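Dear colleague,

I am handing over the structure below, together with an account of what was found in it. Please read the account with the structure open beside you.

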Amino acid sequence: MRYVDEFRDPELITKAAEEIRRLADPARHYRIMEVCGGHTHAIYRFGLKDILPENIDLIHGPGCPVCVLPMGRIDDGLSIAKESNRIFAAFGDMMRVPGAHGSPLEHKARGVDVRIVYSPADALQMARKNPDKEVIFFAIGFETTAPSTALTLMAAKAEDIRNFSVFCNHVTIIPAIRAILDSPDMRLDGFIGPGHVSTVIGCRPYEWIAKTEGKPVVTSGFEPLDLLQSIVMLLRQLESGQAKVENQYKRVVPWEGNRAALQAMAETMELRPYFEWRGLGFISQSALRIREKYSHWDAERRYPVPETRVTDPKSAQCGEVLKGVLKPHQCKLFGKECTPEHPIGALMVSAEGSCAAYYNYEHRKSLVTEIASVA
Amino acid sequence: MEGLFAPFLLSGAEGQLADAARVEVNGTPIAFTTDSFVVRPLQFPGGSIGELAINGTVNDLAVSGARPAALAVTFVLEEGLSSSVLEAEVRAMRKALARAGVPIVAGDTKVVERGKADGMYITTAGIGTPIPGVQIDARNVRPGDKVLLSGPVGDHGITILLAREELDLEADLTSDTRPVLPLVEALAAEAAPGLVWMRDPTRGGVATALNELARDCGLCAEISEEEIMIRDEVRGACELLGLDPLHIANEGQFLAVVSPEYAQIALNALQLAEGGKDARMIGEICEQPASTVVVHTRYRGSRIVDMLVGDPLPRIC
Amino acid sequence: MCLAIPGRVVELAAGQNQVGVVDVAGVRRKVQLGLLADDMPETGDWVLIHVGFAMSKISEAQATEQMHLLSMLGERELAMEEVRGYGQDEHATPTAATVTPAVNSAGISKRATEN
């Protein structure tokens, strides 16, 4: 696969790993946050932790839209969709995520018409094909995904497809990074910036992190060599005492982002005054809702929403893990009450949540290391 | 299966749940299995439900170390199913039976109301006689044993996913459904004394089958990603949908664990057999981490691969 | 947080606006090209696909440049020069204002009213 395989070249990976070892000061402990859950997933999938020196700690950030979605939103979305003649359309990622009254798949088993879509455009197509049904698309995602929802809304309005609406849960990444940096117990050396979000918002929105927070940011791709090169670039900045925003993922990320995508978002959506993030609490201006001129296609305006609030159990330490204060396995519930099959906290919910990723790819390996170190 | 059925209903089965049970009838050992087939759409590139129903049960017997002797079949038909669809399936089954060299000796048909059975469900059961010299038991797996895989993974599962047309993806890909019996026989002929365990990685894919092995033997199956063949189209679909090819279903492959001294002989036997040229040695059994499957990536890294719970769902995150 | 994969545009749908077919390792899918309205791809171009939408055109030149830099990583002295130069061209002149998140996000909304 072009633009994939060459960035997984084992020889170059070895070279890059050597370069990282050479650059990392053994006297220092580096704490680098990869903001994006896709990066977390890639790091585990490719086993990159094994080839990084031990004094480079990768802290998994808040960039998993499934994980940070408050449970009550799922209940709200499903409560709208469970009326007869309605179709609940969502990405596969949402299907096993539990609401207080069960996951979408569990609702499907109870007779709710729940369908998996790959694209918001497919949900709209479903509405075209089923004129006697109302299709509710449960939209999630950061700025990468929001423009696709936006274009779909625009198409629905242009064609006047009345039996389609969007339950909008789109969130924005910058306020979440700010919330993490504002946390008093936070100590990070730099950020691996979310590459695919940046195809839309560009690299400028991170400049405050470098300028006012003094932390380097490298916008990164998702292949092993992308991530390793980004770490090289971060280490070089740290070595020379610099803090700036760099773009490692130039092959797809334009510095200024994607104007057409930003325009589509601006046309259809506006900032909510505040929105709840699972694990982080309420963050102001951190999510998008649908503009009034699209109100017919806004499920929240069209249907009564119960506004379910579900608080996570106090014993779940998702917030600390999200901020990198705790490692996933240091949470009291990790691997005991809270597992991928029975997630209690936000980060165990999605495969790219840091707890689930840690559990799936690392947990038992780490047990072996612990046994070995005891022996 | 394990939580409810095994404790209540499977009192007669000894040891771990395998693809087929061993029972003795008047002192004669017999392998016995059954499986139900539910697939949408009924026909897909490279196969159909009827063919799956034959190959599936033939394969369950084969990987239990048995040569199929006879099958029984039950159809559950949805009212209104067109006779041409049914006839096509019956013909497909006849062809698959001929290919595997097994007869159907008993059968039954039920019709249910419209809207109740996705067209048709098929259940097959089969008995077989042990292939001489072959003893399949996960408890005999030892560290150092080698893991073999008969061919590329994921063809069937991805073909079905695309055939449903819900994801709007197209590729020139066909299901791998086939009887693995000839390959198992070829392997047994050369390496029976070293053959310890076999399984066909159907639902849940290679990852799930190996996790069952790791759990049953309490050891670690360490496999190398590089040695696992994946067709471009399967990889492409998996990359697009965020799926792990190791979790995708196969209907014409099997995994085998062979003791080290027989490993190369076994691999050669497979590769020389018809339909076995893509067989590979994909890894080996280790002590630690216990009851775990570890995949070594191409990049000197490693990851744990778990069983798949439920169906693979496409991701966008 | 977002799965996106490179694919090659193999077909631009005739008559249909901003729709094309991409090929990912032999798997083909219809994708929406509306997000690339400013710089529509042509047949043969590579694009990054997320949830059935092309997000960005892939720059062959930048990919080649990146491979070059990566291949230099081992040769230390040269690599030092190369990598230090990497990524600096575009933001050698930083903007004066520090962009705060709220301002930036609000900026998205503002632009719409301006248009």
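Two strands are said to pair if DSSP finds at least two bridges between them, and the strands themselves (E, at least two residues), like the helices (H or I, at least four residues), are DSSP runs numbered from the N terminus. This is a predicted model, in which local features need pLDDT of at least 70 and side-chain atom pairs count only at pLDDT 80 or more, whereas totals for chains, interfaces and linings use all residues. Residues are numbered from 1 along each chain as its sequence is written, chains are lettered from A and ligands numbered from 1 in the order in which they are written, and side-chain values use heavy atoms, with hydrogens and water left out.

Chain A

With that definition in hand, strand β1 (residues 30-36) of chain A runs parallel to strand β2 (residues 56-63) of chain A, and six bridges join them. Strand β1(A) is mostly covered, since seven of its seven residues are buried, where buried means under 20% relative accessible area, exposed over 50% and partly exposed in between (1.4 Å probe, protein chains only).

Further along chain A there is an open sheet of four strands with parallel pairing, in the order β4-β3-β5-β6. Its edges are β4 (113-116) and β6 (164-168) of chain A, each of which has a single partner strand, so one side of each is left without a neighbour in the sheet. From one strand to the next, the twist averages 25 degrees; axes here are lines fitted to C-alpha atoms, for helices over the stretch in contact, and angles run from 0 to 180 degrees between N-to-C directions. Strand β5 (residues 134-139) of chain A pairs with β6(A) in the parallel sense over five bridges, and Ala139(A) has Cys168(A) in β6(A) as its bridge partner.

Helix α6 (residues 120-129) of chain A lies across β3 (86-90), β4, β5 and β6 of chain A, at about 170 degrees to β5(A), while helix α7 (residues 146-159) of chain A lies across β5 and β6 of chain A and runs at about 150 degrees to β6(A).

Chain B

In chain B, seven strands form an open sheet with mixed pairing, in the order β10-β12-β8-β13-β11-β14-β15. The edge strands are β10 (195-199) and β15 (302-304) of chain B, each pairing on one side only. Strand β10(B) pairs with strand β12 (residues 255-258) of chain B in the antiparallel sense over four bridges, and Arg199(B) stands opposite Leu255(B) in β12(B).

Helix α6(B) lies across β8 (146-149), β10, β11 (220-224), β12, β13 (280-286) and β14 (292-296) of chain B, running at about 130 degrees to β14(B). Leaving aside neighbours within four places in sequence, Asn211(B) is in contact with Val293(B), Val305(B), Asp306(B) and Met307(B).

Interfaces of chain C

Chain C meets chain A through 61 residues of chain C and 75 residues of chain A. Together they bury about 5900 Å², 62% of it on carbon and sulfur atoms, buried area being the accessible area (1.4 Å probe) that two parts lose on being put together, summed over both. Three salt bridges are found across this interface, a salt bridge being a side-chain nitrogen of Lys or Arg within 4 Å of a carboxyl oxygen of Asp or Glu. In one salt bridge the side chains of Arg29(C) and Asp122(A) meet at 2.4 Å, N to O. On the side of chain C that touches chain A, α3(C) gives the most, with nine residues.

The contact between chain B and chain C takes 17 residues from chain B and 13 residues from chain C, and the area buried between them is about 1300 Å², of which carbon and sulfur atoms give 62%. The count here is one salt bridge: Asp172(B) forms a salt bridge with Arg28(C), with the closest N and O atoms 4.0 Å apart. On the side of chain B that touches chain C, α7(B) gives the most, with seven residues.

With best wishes

Note on methods. Contact means heavy atoms within 4.5 Å.
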